[in-house]
Amino acid sequence: MTVHDPEAWRSKPQAQDVDYPEPEKLHKVLKEIETFPGLVSTTEIDRLSAQMANVADGKAFLLQSGDCAELFSYCNPAQIEAKLKLTLLMSLIIVHGVRLPVVRVGRIAGQYGKPRSKPTEVVDMGGEKCTVLSFRGDNVNGLDIADRAPDPERLLSAYFRSAATLNYIRSWLSSGNADLHAPQSWSFHHVQSEYLQCEFGRITREIADALDFMKTVGATPGDGETPANALNTVDYFISHECLMLEYEDALSHRTSQGLYDLSAHTVWLGDRTRQVDGAHVAFVRSIRNPIGIKVGPSMDAEELIRILDAVNPAMVKGRVTLITRYGAGNIKDMLPQHIRAVQSSRHSGLVVWCCDPMHGNTITSKYNSSIKTRMFSDIVKELAAALQIHAQLENRLGGVHLELTGDNGVTECIGGSMELSDQDLSRNYLSYCDPRLNYEQSLDIAFLISEVLRSQRTGKGLESDAIVRALSQYMDVNLPSP
Ligand code: PEP
Ligand code: CO
């Protein structure tokens with residue numbers, strides 16, 4: 001077997017490469033970043049790897065979620081906390097139905113780079129049409145059209161903002177905020193839907209009961225004792241798209257076990273940078289972190305296996321998560337062939353299958369062609385189809401990958417229990433990138449996953465009327481009646 005060269009990515013074609021006007025300035029910045037401490041530790045990365053092996057085995061469920069792209073300005077306590085609270089709520093709802101630990105991974109503390117379909121865009125500058133470089137994310141250039149030249153100094157800001165965000169996450173979680181005894185403090189009061197309020201009330205009462213019982217039998221510490229244990233803190237991992245290879249490389253650290261990318265616990269390859277002979281695949285092959293690969297409708301089944309062979313030659317269970325994002329209209333044609341290809345390859349049972357019901361379902365608003373949106377019904381349709389197809393092919397859906405925001409009242413996706421319409425979008429549309437699920441829409445999805453997986457677990461059919469109604473609209477088969 002040939003030994004893999006960790007520098008091999010440098011000689012391969014790099015899709016979405018950034019053309020810096022002053023390469024020597026970039027070089028200087030990267031040299032400085034190389035001297036910085038890693039943002040995460042190798043021990044934490046190994047812990048996530050072990051948890052991802054559990055996901056592959058059906059012993060845990062993956063919830064990966066966050067913004068499409070973070071702006072540097074999102075590095076503030078309110079926005080970080082809102083995301084954490086929403087994640088805790090969603091994972092509680094999912095754990096309750098699935099009865100498996102949830103592995104929480106945020107698209108956070110480094111999701112500053114964006115792949116673009118076009119390198120330039122035409123903008124209106126004082127009545128004149130001008131072509132400018134596309135915005136590539138805060139770590140490359142500015143959203144302001146006068147600030148589109150790539151600036152390497154932005155990578156330094158990206159590092160420090162990632163560090164500050166992660167520091168806040170760590171201190172918030174270790175200060176009792178994730179305590180299972182007080183899920184009410186995770187802002188459920190924002191939610192207007194009576195149905196969601198009622199379901200959440202039921203779950204928290206059941207949990208309070210169970211905790212009370214455990215306390216009575218002496219299985220948990222009583223009030224006033226606060227050791228960091230499973231009930232009052234949680235694991236939360238960070239992730240971002242592995243796009244700027246020079247930055248990832250500068251934060252990678254060689255150990256006797258191999259190379260670790262210390263910029264995040266896990267990184268994923270986007271649908272535009274997953275070429276089997278490209279630099280991004282060569283880079284992720286060389287790191288020990290668990291990795292994700294986006295799998296879109298243009299992925300051919302044979303190519304998928306070649307990518308798996310390339311990035312997981314040692315056949316490590318849970319090392320690769322396939323994040324499928326076909327679109328509601330394509331999933332039925334694409335997912336079964338990809339599942340069958342993996343099942344009949346040597347990677348069978350080793351990968352985690354994760355459904356991203358967001359990226360194949362982006363459309364433009366009927367009322368404003370510059371607004372991108374997603375229909376909540378398409379998102380549910382793709383997710384429901386994924387749950388159904390995996391079950392039919394005796395495969396396992398290991399997790400979901402969602403774009404969402406913890407900020408209240410955001411109007412970027414159409415539908416959900418708030419019944420947002422296309423005309424509502426302009427009311428509070430904050431994303432400058434892809435449209436995200438708002439607080440309530442995210443909880444709708446969590447309840448849906450929880451209910452479907454609970455019914456698959458117990459074989460009892462779906463109990464909740466509202467979910468049955470929601471699902472029957474989107475699935476082809478007749479669901480068992482409650
Ligand atoms: C993303 O996850 O924000 C993204 C750009 O996804 P994809 O690569 O699947 O298009
Ligand atoms: Co996106």
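Phe36, Tyr159 and Phe160 form one aromatic cluster in this predicted model. Rings of Phe, Tyr and Trp (for Trp, the six-membered ring) are taken to pair if their centres lie within 6.5 Å, with planes under 30 degrees apart counted as stacked, over 60 as edge-to-face and the rest as tilted. By this rule the structure holds six aromatic pairs. In one of them, the ring centres of Trp9 and Phe283 are 6.1 Å apart and the planes stand at 90°, so the pair is edge-to-face. The pair links distant parts of the chain, with Trp9 in the segment before helix H1 (23–34) and Phe283 in helix H7, 274 residues apart. Helices (H or I, at least four residues) and strands (E, at least two) are DSSP runs numbered from the N terminus. Trp9 and Phe283 are both buried, where buried means under 20% relative accessible area, exposed over 50%, and partly exposed in between (1.4 Å probe, protein chains only).

Because the model is predicted, local features need pLDDT of at least 70 and side-chain atom pairs count only at pLDDT 80 or more, while totals for chains, interfaces and linings use all residues. Residues are numbered from 1 along each chain as its sequence is written, chains are lettered from A and ligands numbered from 1 in the order in which they are written, and side-chain values use heavy atoms, with hydrogens and water left out.

The cobalt ion (ligand 2) is coordinated by Cys68 (SG), His359 (NE2), Glu403 (OE) and Asp434 (OD), at 2.1 to 2.4 Å. Donors are N, O and S atoms within 2.8 Å of the metal (3.2 Å for Na, K and Ca); water is not among the atoms, so sites may look incomplete. The spacing of the donor residues in sequence is C-x290-H-x43-E-x30-D. Two of them, His359 in the loop between strand S11 (352–355) and S12, and Asp434 in the loop between S15 and helix H11 (439–458), are 75 residues apart and link distant parts of the chain. His359 is buried, with a relative accessible area of 17%, and Asp434 is buried at 9%.

Glu403 and Asp434 also belong to a network of salt bridges that includes Arg107, Lys372 and Arg374. A salt bridge is a side-chain nitrogen of Lys or Arg within 4 Å of a carboxyl oxygen of Asp or Glu. A search of the whole structure finds 29 such bridges.

Lys294 and Asp356 meet through their side chains in a salt bridge, at 2.9 Å from N to O. This pair connects distant parts of the chain, Lys294 being in strand S9 (residues 291–295) and Asp356 in the loop between S11 and S12, 62 residues apart. Lys294 counts as buried at 4% relative accessibility, as does Asp356 at 0%.

Arg274 forms a further salt bridge, with Glu303, in which the closest N and O atoms are 3.2 Å apart. Arg274 lies in the loop between strand S8 (266–269) and helix H7 (279–286), and Glu303 in helix H8 (residues 301–311), so the pair ties together parts that are 29 residues apart in sequence. Arg274 and Glu303 are both buried.

A salt bridge within a helix joins the side chains of Arg202 and Glu206, at 3.3 Å from N to O. The two residues are four apart in helix H5 (residues 194–216) and are therefore separated by about one helical turn. Arg202 is partly exposed, with a relative accessible area of 33%, and Glu206 is partly exposed at 34%.

Three strands form an open sheet of mixed pairing, in the order S12-S13-S15; two strands pair if DSSP finds at least two bridges between them. Strand S12 (362–364) and strand S15 (413–414) stand at the edges with a single partner strand each, so one side of each is left without a neighbour in the sheet. Strand S13 (residues 372–375) pairs with S15 in the parallel sense over two bridges, and Met375 stands opposite Ile414 in S15. Helix H10 (residues 376–392) lies across S13 and S15 and runs at about 55° to S13. Axes are lines fitted to C-alpha atoms, for helices over the stretch in contact, and angles run from 0 to 180 degrees between N-to-C directions; contact means heavy atoms within 4.5 Å.

Leu92 is found in helix H3 (residues 77–98) and is buried, with a relative accessible area of 8%. Leaving aside neighbours within four places in sequence, Leu92 is in contact with Leu180, Pro183, Trp186, Phe200 and Ile207. The C-alpha atoms of Leu92 and Val102, ten residues apart along the chain, are separated by 8.3 Å.
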